[in-house]
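Work through the exercises below with the structure open beside you. Try each task before you read its solution.

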Amino acid sequence: MRLGILGGTFNPIHFGHLRAAEEARERVNLDKVIFMPSGNPPLKIVDLIDAFHRYTMARLATASNVNFVVSDLEIRQTEKSYTVNTIQKLCGIYPEDKLFFVLGIDAFLDIPNWWQPDVLTGMVDFILVTRPGFNLMDVLKSPYVLSADDGLEQFRLKSGRKALVLQMTPMGISSTEIRRLLRESKSIKYLLPDKVEEYIYQHNLYHP
Ligand code: ATP
Ligand code: MG
């Protein structure tokens, strides 16, 4: 099987995440996309709500897609979760399968700040998803990128791995913006699935 892994805080999950996963699945012929909500970091990140709520919202959002699964691997553990460890575990769970790490350009450019980035960039191939506000050319500034092919459809990483580019339908949606709207008691309709919206109101999440 060909598996995509989409990590994130999903705080909350929205249509940008879902469409990125769906377009990656179709373009790269993935059998499944595994959504991997991050655990709770020991240092409090502003606005980050409990992992169980973020996981549950991801479950609600993906329930109607048979090709999507949500993993509780990171939210179950009490120690700090590092992407390197998560990918390593997934490689152990799926030894016969081809894994791809799916992430937006913003997240890819942030990798130098992650734990053991040079190990991480050598573990699997990547699928880089375009995102409004981020330029594909900027990917070349990453210290882990060696070169781009002509049409900017693929990057070669210094590790020997490749990063396929997915020019996805531009969706200027972010969790930060959704949290801001909620703080200001504004509508979040049509930015995320109805079931996620209902869950947020039911549990009074992201309240000032
Ligand atoms: P926040 O604003 O809290 O950072 P976010 O909207 O960026 O939230 P994350 O959970 O940080 O969502 O992102 C998870 C992954 O999804 C990242 O790889 C990110 O680049 C990608 N992603 C999020 N939103 C979009 C979008 N609108 N288009 C393309 N990729 C996206
Ligand atoms: Mg983000």
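A residue is called buried if its relative accessible area is under 20%. By that rule, both F108 and F126 are buried. Keep in mind that this is a predicted model.

**Exercise 1. Classify the ring pair F108 and F126, and say which parts of the chain the pair ties together.**

Solution. 
- Step 1: Recall what is needed. A pair of aromatic rings is described by the distance of the centres and the angle of the planes.
- Step 2: Take the distance. The centres of F108 and F126 are 5.9 Å apart, and the limit for a pair is 6.5 Å.
- Step 3: Take the angle. The planes of F108 and F126 stand at 80 degrees. Over 60 degrees counts as edge-to-face, so the F108 and F126 pair is edge-to-face.
- Step 4: F108 sits in helix α5 and F126 in strand β5 (residues 125–129), so the pair ties together parts 18 residues apart in sequence.

**Exercise 2. Classify the ring pair F10 and F35, and find the cluster that holds F10 and F35.**

Solution. 
- Step 1: The ring centres of F10 and F35 are 5.9 Å apart, and their planes make 45 degrees.
- Step 2: Stacked needs under 30 degrees and edge-to-face over 60.
- Step 3: F10 is in the loop between β1 and α1, while F35 is in strand β2 (residues 32–37). The two are 25 residues apart, and the pair links distant parts of the chain.
- Step 4: Both F10 and F35 are buried. Together with F68, they form one aromatic cluster.

**Exercise 3. Is S71 buried or exposed, and what does its side chain reach?**

Solution. 
- Step 1: S71 lies in the loop between β3 (68–70) and α3 (73–76).
- Step 2: The relative accessible area of S71 is 14%. The cut-off is 20%, so S71 is buried.
- Step 3: Its side chain reaches the backbone nitrogen of L73 at 3.0 Å.
- Step 4: Beyond its neighbours within four places in sequence, S71 contacts I34, F35, M36, P37 and Y55.

**Exercise 4. Describe the surroundings of ligand 1: which residues come nearest, and which polar atoms does the ligand meet?**

Solution. 
- Step 1: Ligand 1 has 21 residues around it; H17, D106, R131, M171 and T176 come nearest.
- Step 2: Sort the shell by class. It has seven nonpolar, eleven polar and three charged residues.
- Step 3: Find the largest share. Helix α7 gives three residues.
- Step 4: List polar contacts. Ligand oxygen atoms lie 3.1 Å from a polar backbone atom of F10 and 2.9 Å from a side-chain N or O atom of H14. A ligand nitrogen is 3.0 Å from a polar backbone atom of I173.
- Step 5: Check the cover. Alone, ligand 1 exposes 600 Å², and the protein buries 88% of that.

Notes: Residues are numbered from 1 along each chain as its sequence is written. Chains are lettered from A and ligands numbered from 1 in the order in which they are written. This is a predicted model: local features need pLDDT of at least 70, side-chain atom pairs count only at pLDDT 80 or more; totals for chains, interfaces and linings use all residues. Side-chain values use heavy atoms; hydrogens and water are left out. A residue is near a molecule or strand if one of its heavy atoms lies within 4 Å of it. A polar contact is a pair of N or O atoms within 3.5 Å; within protein, one must be able to donate a hydrogen and the other to accept it, and residues adjacent in sequence count only if both atoms are side-chain atoms. Accessible areas come from the Shrake-Rupley method with a 1.4 Å probe; for residues, only the protein chains shown count as cover. Helices (H or I, at least four residues) and strands (E, at least two) are DSSP runs, numbered from the N terminus. Ala, Val, Leu, Ile, Met, Phe, Trp, Tyr, Cys and Pro count as nonpolar, Asp, Glu, Lys and Arg as charged, and the others, Gly among them, as polar. Buried means under 20% relative accessible area, exposed over 50%, partly exposed in between (1.4 Å probe, protein chains only). Contact means heavy atoms within 4.5 Å. Rings of Phe, Tyr and Trp (its six-membered ring) pair if their centres lie within 6.5 Å; planes under 30 degrees apart count as stacked, over 60 as edge-to-face and the rest as tilted.
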